[in-house]
Structure formats: structure tokens, C-alpha cells
Amino acid sequence: MTSAIPAKTTASSTEPGPRLSRDDTGTKTRKAPKQYSDRVRAERRLGWILAGPAFIIMLLVTLYPILQAIYESLFKFRLTAPGEREFIGLGNYAVILSDPVWWSGLWTTVFITVVTVLVELVLGFALALVMHKALKSVRGLLRTAILVPYGIITVVSAFAWFYAFDINSGYINSWFAWLPGIDENLNWFAQGGTALFVIMASEIWKTTPFISLLLLAGLAQVPDELTEAAKVDGATWWEQMRKVIVPNMKAAIMVAVLFRALDAFRIFDNVFIMTNGAYGTEVLSLLAYRQSISRLEIGLGSAVSVLLFLCVLLICFVAIKLFKVDLAGSQGGK
């Protein structure tokens, strides 16, 4: 004789359990658990074996400075007076967040990041299209020429742009004196607007090839069958870009924007060499440098570094949520 009450079952498998859903009649049904083939499991295991050691080493190398900075930020500590260390909790953060210098540096950093990344994205996409469509005979030479600026050390690039625009040693004023607002007496680094323009222009020139390289890899992943089908259907060039090419490059665009935004938000070399933060060009990395290196205020400098790290995490979170790209979503052999 069987009982009318069904017995409870327990899942002993390591795979995710079945999920409830409703059919057309409103009755709850169970979806079958997601199954992976032996090949996929083996590839995942191999991936962890190959990347695991490097991941652990990178975690240890980066985790210690972060924890050290968080610890030091809780103290009032000046390097010239190590015996006067005093625990003040979040006092350093209160001092920084109530200081207009922090907010001025934050908005300047955000402005530089947004402008440079947007311009680099447009220019990088154009260069990626040129490299992708170039003839095979000149494709290698063209890619090498475009990538040359990215191979130059940032400090060298910053000095080159500084000497080109400097009022004493520069040649830009004499070359472009015919343009409105430019004359031989224009001092680009004596006012905030022109100084920021040179800083951002040097950053765009230096790092646009990096974005173009990432976008070129994304263009190579777009199936030719899709673009050919769009042409057959009578789609214009703009419609092909908007409905076929760009949607299939979403992951590459997200990676390019995220990498460059993180790099641009930590800009330091160009500002330090050209203006040293004068005339409203102070950025957060330079502010952390001033506190830790110039003034030897280890506590305040560590607090600025921690806040900069939190801003970087916020950029990562916003980018991932904005693009909604699952980089691990496409897996073969299921």
C-alpha cells in the first residue's frame, strides 16, 4: 500500500538543482538542471590549472598593498615622526572628504576620463575599421604605424608634448598662429582650459592605438555572413554598423572602455610633467603623491589611495552593469 503523500527527495548531485517555472496553464513545472559535457568540464579544469598559480600570485601581490593602505589610513602618521603614530579611525577620510581640494581633483579626474575615453573610442573605432579593411599588402605596415604612439613610454610622450607647446621651446604657437585664439605669446600651461586641452590631447594621442587594437580584435570576431546578409537585404553602411557590427562587438567595446577608463582615471605622468597640478589640473593620483611623497603624510596619503581604489571599483561596477556583457556566456560543447 502506497502513501498518498509523496516522499521528499534530496539532491545529492553537485550540479545546480532544478528550478521552478510556470507553464501556460499556470502549473508549476521543473526545469532540467543545466548539464555540461565532459569536454567543457575538462576545459574548465585545465583553465583553472593554468591560470590558478598566476591568479594566486597576482592576488597576493595586490592584496598586501591594499590591506596595508587601508591599515595606514586609520592612523595619523607622518613619516618624519614615526613615534607619534596615533589611531584616529576614519578621521583621515573625514578630513579628505571635507576638503574642496579632493572634490576639485575628483571632478577634474572624471572630466579627463570621460572626454579622453569618448574621443579615443570614436577615433579608435575609425582606426580599427581602416586596419580591418586595408589591403593585405599594406596591412602590416599600417598597423605598425598606428601602434607606434602606444609603444612610446608615457613620460617621454608627456615631455615631447610639453616641449612642443611650451612658450619658450615650443613650435605650436608659430605653426598655428593663423588660427583664432592662438598667437606667439600664448602660454598653454598658464591657464586651466588650455593646460587641460594639452594634457588630454597627449593622452588621446598616446592611448588611442590601444583601443583601436582591442576594437580590431572585436571586428575580426564579427561573422562575414552577417554583413553579407545585411548587404543583400539592402542595408546601408550606417545600418550595418548599428544593427550588425556594433552589437556583435559589444564585448570588445566593453573591455576597451573599461580598460581605458581605469587607466585614464589614474592619470599622473602627463599632469605631473606639464603643470604639476597647477591652474585647476590637480588629479587624484597627483593628490595621493603629494600627501605620501611630498608631505610624507602616510595616513592621509593612504586614505586618498583607498578612496581612489574605491572609485576604480565603482567604475568597474558601472561598466559591467551598463554593458551587461557576459564574457563567459558563450561556451562550446554543451
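**One arginine, several partners**

Asp263 and Arg260 sit three residues apart in helix H10, about one turn of the helix. This comes from a predicted model, so let us ask what stands behind each term we use for it.

Q: Why is the pair Asp263 and Arg260 called a salt bridge?
A: The closest N and O atoms of Asp263 and Arg260 are 2.9 Å apart. The cut-off is 4 Å between a side-chain nitrogen of Lys or Arg and a carboxyl oxygen of Asp or Glu, so the pair qualifies.

Q: What makes Asp263 partly exposed?
A: Asp263 has a relative accessibility of 32%.

Q: Are Glu120 and Arg260 buried or exposed, and how do you know?
A: Glu120 has a relative accessible area of 0%, and Arg260 has 1% relative accessibility. Buried means under 20%, so both residues are buried.

Q: What makes the pair Glu203 and Arg260 a salt bridge?
A: The N to O distance between their side chains is 3.2 Å, and the cut-off is 4 Å, so the term applies. This pair links distant parts of the chain, with Glu203 in helix H7 (residues 192–220) and Arg260 in helix H10, 57 residues apart. Glu203 has 6% relative accessibility, so by the cut-off of 20% Glu203 counts as buried.

Q: How many salt bridges does the structure hold?
A: There are eight salt bridges.

**Nonpolar groups, inside and on the surface**

Q: What makes the largest nonpolar core a core?
A: A core is a set of buried nonpolar residues joined through side-chain atoms within 4.5 Å, so each member has to be buried and joined to the set. In this model the largest such set has 42 residues, and those with the most contacts inside it are Ile96, Trp102, Leu215, Met249 and Phe265. Among the elements giving two or more residues to this core are helix H2 (91–97), helix H9 (237–248) and helix H13 (298–323). H13 gives the most, with 11 residues.

Q: Which residues is Met249 in contact with, leaving aside its neighbours within four places in sequence?
A: Met249 is in contact with Phe125, Leu215, Gly218, Leu219 and Val222.

Q: Which residues does the second, separate core include?
A: This core of 23 residues includes Phe162, Ile273, Met274 and Leu286.

Q: What forms the nonpolar patch on the surface?
A: Trp48, Phe55, Ile56, Leu59, Leu60, Leu63, Leu67 and Ile70 form the patch, with about 830 Å² of accessible area together. Ile56, one of these residues, has its place in helix H1 (residues 38–72).

**Two loop residues**

Q: What makes the phi of Asn276 worth a remark?
A: Asn276 has a positive phi of about 55 degrees although it is not a glycine. Asn276 lies in the loop between helix H11 (269–274) and H12. Its relative accessible area is 34%, between 20% and 50%, so Asn276 is partly exposed.

Q: Where does Leu296 lie, and why is it called partly exposed?
A: Leu296 lies in the loop between H12 and H13. Its relative accessible area is 24%, between 20% and 50%, so Leu296 is partly exposed. Leu296 has a positive phi of about 60 degrees, although it is not a glycine.

**The chain as a whole**

Q: How many helices and strands are in the chain?
A: The chain has 13 helices and four strands. Of its 334 residues, 35% count as buried.

Q: What is the mean pLDDT of the chain, and where does pLDDT stay under 50?
A: The mean pLDDT is 82, and 86% of the residues reach 70 or more. pLDDT stays under 50 over residues 1–21 and over residues 330–334.

Notes: Residues are numbered from 1 along each chain as its sequence is written. This is a predicted model: local features need pLDDT of at least 70, side-chain atom pairs count only at pLDDT 80 or more; totals for chains, interfaces and linings use all residues. Side-chain values use heavy atoms; hydrogens and water are left out. Buried means under 20% relative accessible area, exposed over 50%, partly exposed in between (1.4 Å probe, protein chains only). Contact means heavy atoms within 4.5 Å. Patches are made of residues with over 30% relative accessible area and no salt bridge: like charges are joined within 9 Å, nonpolar side chains (Val, Leu, Ile, Met, Phe, Trp, Tyr) within 5 Å. Accessible areas come from the Shrake-Rupley method with a 1.4 Å probe; for residues, only the protein chains shown count as cover. pLDDT is the predictor's confidence in each residue, from 0 to 100.
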